[in-house]
Amino acid sequence: MILVTGGAGFIGANFALDWLARSDEPVVNLDKLTYAGNLQTLGPLQGDRRHIFVRGDIGDRALVTQLLARHRPRAIVHFAAESHVDRSIHGPDAFIQTNIMGTFNLLECARDHWMSLTDEDKAKFRFLHVSTDEIYGTLEPEDPPFTETNPYAPNSPYAASKAGSDHLVRAWHHTYGLPVITTNCSNNYGPYQFPEKLIPLVIHNALAGTHLPIYGDGKQVRDWLYVGDHCAAIRRVLQSGKPGESYNVGGWNEKPNISVVKTICATLDKLRPRNDGHSYTDQIRFVADRPGHDRRYAINAGKIERELAWRPEESFETGIEKTINWYLNHGDWVENVTSGAYRDWVTRQYGTAE
Ligand code: NAD
Ligand code: DAU
């Protein structure tokens, strides 16, 4: 079996659902259920004996030790993190605590577990650390996309905390020999993403008839990857990746934010036209920029393609239409996650209650 951390969040839950749709290998899913974790997402796995959900903190040494001793996983796939850049600007503490201290704790527990394995199982064990392209910092318009040899230059508290965790993971391999692999992925989108992130926020606000906030001039560029493709890349790295290596994962899909938002508006105009016949683009508003906002991210995913034969299957056009259809058909999920604490966040970040 494998241990997944953060498997009630956006990517972790997609990963657990995809994994168990393809294999009978059980998943122990450790998640603290912060505001970003949602058991409703894991609803399809209710009653499924192959999925063992444990509510808990990756920083809890006793709990993680006990889980590893009881289930003896052959791999840990580590998604759990505080993941939203804007929240890291308002309150970095939780990011340091979970992303750095939590990863440190998990590495120590993993090392003890690994040491207890037979030589054969030791050689097969993997600690797969799911990280981000934001650790590389920002690119100028003419710069080549990030490769695995780009220097680390994180700019936000979130990115710095993920960079810290990457360094710990690397050191646990170099010093102790723990078989770790790190993936550094670009921006994901798809089903079950919390509507604080650009794409689900814009879909949600458009349908709610409220403003679509664009930070600064909207010309910041991100490299978008459909979440199912990210999950496939992680499965491939787990299967064939080389311990001690890192792999960049991306969609070859660079887009300025304003163009992403206009694509969402055009798709909604087609699939769910506004009652007044106007376009959703009327709801776009340019708002104050994010402090320290990185201008451009772009991933060169050549290494994972050459060495592990992984390439994304979804284009942005097919992926975004699937995603918008999913949100149109899952109003109940959105409704549940956008009550209570969500409204407090929106007021704090955008100054209005949506
Ligand atoms: P998310 O915020 O949707 O989910 C994070 C999950 O971790 C939640 O279920 C939350 O409850 C859980 N969690 C938080 N703190 C915890 C703790 N201390 N102990 C146990 N569980 C805890 O995040 P996501 O977008 O699914 O991202 C998952 C991982 O992928 C993160 O490590 C993130 O840095 C990385 N990543 C995300 C993206 C992206 O575009 N979303 C891109 C590249 C990499
Ligand atoms: O690059 C990978 C990273 O992508 C992940 O590591 C992070 O966990 C994930 O949150 C994401 O970070 P970003 O900051 O790029 O994603 P976000 O969806 O918050 O913003 C995407 C872009 O859209 C960014 O340039 C900021 C802008 N934006 C975002 C919001 C929420 C807006 O213009 N308006 C908004 O309201």
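I start with helix 9 and helix 11, the latter covering residues 316-329. They pack at an angle of about 55°, and their axes are 10 Å apart. That angle makes helix 9 oblique to helix 11, and the crossing is right-handed. Please keep in mind that this is a predicted model.

Which residues make the contact between these two helices? On the helix 9 side they are Val260, Thr263, Ile264, Thr267, Leu268, Lys270 and Leu271. On the helix 11 side they are Phe316, Ile320, Glu321, Ile324, Asn325 and Leu328. Sorted by class, the contact of helix 9 with helix 11 has eight nonpolar residues, three polar and two charged.

Helix 9, residues 257-271, also packs against helix 7, residues 198-208. Here the angle is about 40° and the axes are 10 Å apart. Helix 7 and helix 9 are therefore oblique to each other. Helix 7 passes helix 9 in a right-handed crossing. From helix 7, the contributors are Leu198, Ile199, Val202, Ile203, Ala206 and Leu207. They meet Asn257, Val260, Val261, Ile264 and Leu268 of helix 9. This contact divides into ten nonpolar residues, one polar and no charged.

How many residues surround ligand 1? There are 28, and the closest are Ile11, Asp31, Ser83, Tyr158 and Lys162. For Ser83, a polar side-chain atom lies 2.7 Å from an oxygen atom of ligand 1. For Tyr158, the corresponding distance to an oxygen atom of ligand 1 is 2.6 Å. The backbone takes part as well: a polar backbone atom of Val130 is 3.4 Å from an oxygen atom of ligand 1.

Ligand 2 has 24 residues around it, of which Thr132, Asp133, Tyr158, Arg290 and Tyr350 come nearest. A polar side-chain atom of Asp133 lies 2.5 Å from an oxygen atom of ligand 2. For Arg290, a polar side-chain atom is 2.6 Å from an oxygen atom of ligand 2.

Conventions:
Residues are numbered from 1 along each chain as its sequence is written. Chains are lettered from A and ligands numbered from 1 in the order in which they are written. This is a predicted model: local features need pLDDT of at least 70, side-chain atom pairs count only at pLDDT 80 or more; totals for chains, interfaces and linings use all residues. Side-chain values use heavy atoms; hydrogens and water are left out. Axes are lines fitted to C-alpha atoms, for helices over the stretch in contact, and angles run from 0 to 180 degrees between N-to-C directions. Helices (H or I, at least four residues) and strands (E, at least two) are DSSP runs, numbered from the N terminus. Angles under 35 degrees count as roughly parallel, over 145 as roughly antiparallel, 65 to 115 as roughly perpendicular and the rest as oblique. A crossing is left-handed if the near helix is turned anticlockwise from the far one by less than a right angle, and right-handed if clockwise. Contact means heavy atoms within 4.5 Å. Ala, Val, Leu, Ile, Met, Phe, Trp, Tyr, Cys and Pro count as nonpolar, Asp, Glu, Lys and Arg as charged, and the others, Gly among them, as polar. A residue is near a molecule or strand if one of its heavy atoms lies within 4 Å of it. A polar contact is a pair of N or O atoms within 3.5 Å; within protein, one must be able to donate a hydrogen and the other to accept it, and residues adjacent in sequence count only if both atoms are side-chain atoms.
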